[in-house]
Amino acid sequence: MDLVLNAGPVVKLVLLLLVYFSVVSWAIIFYKFLVIHRATRDSDQFLDFFWAKKRFDVINQGLRDYPNSPLTVLFREGYQELLKIQGRRPGEDEGHLSTDLGGAENVARALRRATTLETHRLEKFTTTLATTGSTAPFVGLFGTVWGIMDAFRGIGESGSASLAVVAPGISEALVATAIGLIAAIPAVMGYNHFMHKVNVLTGEMDNFSQEFLNIVERMMRRG
Amino acid sequence: MHPNPHIRQGIKARSEPGLTRMLVVSLIIHAVLLLLFSGIILPTIKTPPKPVYVVDLVNLPVKDPRAGRPDVRKGPEKTEPTPGASAPEPKPEAVPLPPKPEAKPEVVKPEPPKPEPKPEPKPKPEPKPEPKPTPKPKAEAKPQPEKPKTADKPKVTDKEEASVTTALEKLQKKQEYAGVQDKIAAMAAARNKGTAGDVPIGMPDGKGTEEGVASDAWLQEYLKQAWRLSKYQVGRSDLEAKMQLTFDAQGKLANYKFTDKSADARFDDSVVRAVLQLKDYPVPALAGTRKDVVFNLKELQRQ
């Protein structure tokens, strides 16, 4: 604690910035942990529900039970697009679809758009983690370099180069690097972890889109 | 449905954790950690440094040392100043020797010449203030026989006077020198007496009753002083060897074996040579014990 209090104003400013980085990155880590955990859990449950039910309208009614799953958004977007296509032909029943107006492609585009939006939602704030992970050590290093410059100036003024004179200034300066690493390490770890989870979920969304399109096309062919 | 398809309707139904709430949680956690590590809530954990004892090998090792210091000696200056081999040297040299031999030969030489009445008053005041205890009787004893001589030979030439005065000056300087030496010796003796008298011989953490140092500390100091190895003989500074020493019932080294050898034969040889110096030195406090000793170059370089 004394090391921080005895540091120079620039080093203190750097330390304050690094503490801010740390607070924000940990807040994002907690936030992303909850978001991705809930998304994964709800997606698994929704997939079980989806394959258990045969009718889209039944599935659509049960979407409220899985509010955090990105797959429910995909299903809703695709289903709504499907209903729009149905609406263009009011005389036809549900399940009496055809591909003559490119209905399947419309659904595919809707699913792609939904996938992109959901991926963005899941990746939200992770750039802050990446920025903290990559810049915090350098910010800390800047504080250290500045502190060592100060320390050497003090040594020059005092005229003594003994360890007792040199060591305190350098140890105060090194605190900045230490805090920078303390802020950066969890941020980098969190970023890598969450990006892996987002990639897994994105893969699930792609798979689900393909399955959804297959079903739609089968329905359209059956006419 | 919203006319802009990029605004998703589904998100509104979600109960996502707010980032603001998470910021507050993070801030609280940081504050708690800061308080913990700053020592405000919990006292900072400080491991006490391992005590390093400077052991005087003159003090014999005992099994159950009392509280005291292992680096002080008994104060034998009063009785016999020459029991020790090396340490008590300054005491016998300084205290008893200077006054006696210096006074005798130089006072004997100027006796035959006449000018003794002049030197008589000088030596009298000088020995009195400087060497307090010893020189008095000698200075008093010598002038008594000299007085009748001066009365017999009243004629004094200038040359004789000059030679006598120079001799007296020399004598005076030597006496002054002796006086200074006396003072230094007295100060050293007083200092030794003080330490030995105030602080008993023992160990700082000793709880026993015996006067002496702990056998482990003594053994460590003994081996440290017996170990001879130059850092230039071995190229590395990270060498370490562990040895187990077994002592017989008389406290003599009965057996030794390496429990962990260093990679350097010269290092191991130097360790063996140091240990073998214990062979002819029975230490009763170590009788029947088995000690594990670690030799490393850091300890050697610290000497």
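Q: In what order do the three strands of the open sheet in chain B stand?
A: Strands of a sheet pair through backbone hydrogen bonds, either parallel or antiparallel. The open sheet of chain B has three strands in the order 4-3-5, and their pairing is antiparallel. Strands here are DSSP runs of E with at least two residues, helices are runs of H or I with at least four, and both are numbered from the N terminus; two strands pair if DSSP finds at least two bridges between them. Because strand 4 and strand 5 of chain B stand at the edges with a single partner strand each, one side of each is left without a neighbour in the sheet. From one strand to the next, the twist averages 25 degrees, where angles run from 0 to 180 degrees between N-to-C directions and axes are lines fitted to C-alpha atoms, for helices over the stretch in contact. Helix 8 (residues 265-276) of chain B packs on this sheet and touches strand 3, strand 4 and strand 5 of chain B, its direction making about 25 degrees with that of strand 3; a contact means that two C-beta atoms, placed from the backbone, lie within 7 Å.

Q: What kind of model is this?
A: It is a predicted model, in which local features need pLDDT of at least 70 and side-chain atom pairs count only at pLDDT 80 or more, while totals for chains, interfaces and linings use all residues. Residues are numbered from 1 along each chain as its sequence is written, and chains are lettered from A and ligands numbered from 1 in the order in which they are written.

Q: How many bridges join strand 3 of chain B to strand 5 of chain B, and how many join strand 3 to strand 4?
A: Strand 3 (residues 240-247) and strand 5 (residues 290-296) of chain B pair in the antiparallel sense over seven bridges, with Glu240(B) opposite Asn296(B) in strand 5. Between strand 3 and strand 4 (residues 253-260) of chain B, also antiparallel, there are six bridges. Here Met243(B) faces Phe258(B) in strand 4 as its opposite residue, and Gln244(B) stands opposite Lys257(B). The hairpin of strand 3 and strand 4 of chain B has five residues between the strands, and in it Gly251(B) takes a positive phi near 90 degrees.

Q: How many helices and strands does chain A have, and how many does chain B have?
A: Chain A has seven helices and zero strands, whereas chain B has nine helices and five strands. Along its sequence, chain B follows the pattern α-β-α-α-α-α-α-β-α-β-β-α-β-α. Of the 223 residues in chain A, 36% are buried, and of the 303 residues of chain B, 19% count as buried; a residue is buried if 20 or more other C-beta atoms, placed from the backbone, lie within 10 Å of its own, exposed if 12 or fewer do, and partly exposed in between.

Q: At what angle do helix 2 and helix 6 of chain A pack?
A: Two packed helices are described by the angle between their axes and the distance between the axes. Helix 2 (residues 9-52) and helix 6 (residues 126-158) of chain A pack at about 160 degrees, with their axes 9 Å apart. They are therefore roughly antiparallel to each other, a term for angles over 145 degrees, with under 35 counted as roughly parallel, 65 to 115 as roughly perpendicular and the rest as oblique. Among the residues that meet across this pair are Leu18(A) and Phe21(A) in helix 2 and Gly140(A) and Phe142(A) in helix 6.

Q: Which residues of chain A does UniProt list for "transmembrane region"?
A: An unreviewed UniProt entry lists residues 13-34, 129-149 and 161-188 of chain A; such annotations may be inferred rather than shown by experiment, and the positions are given in the numbering used here, with feature names shortened. Residues 13-34 of chain A are 100% helix and 0% strand, with end C-alpha atoms 32 Å apart. Residues 129-149 of chain A are likewise 100% helix and 0% strand, with end C-alpha atoms 30 Å apart.

Q: Is Gly78(A) buried or exposed?
A: Gly78(A), in helix 4 (residues 70-88) of chain A, is buried, because 24 other C-beta atoms lie within 10 Å. Leaving aside residues up to four places away in sequence, Gly78(A) touches Val107(A), Ala110(A), Leu111(A) and Phe212(A).
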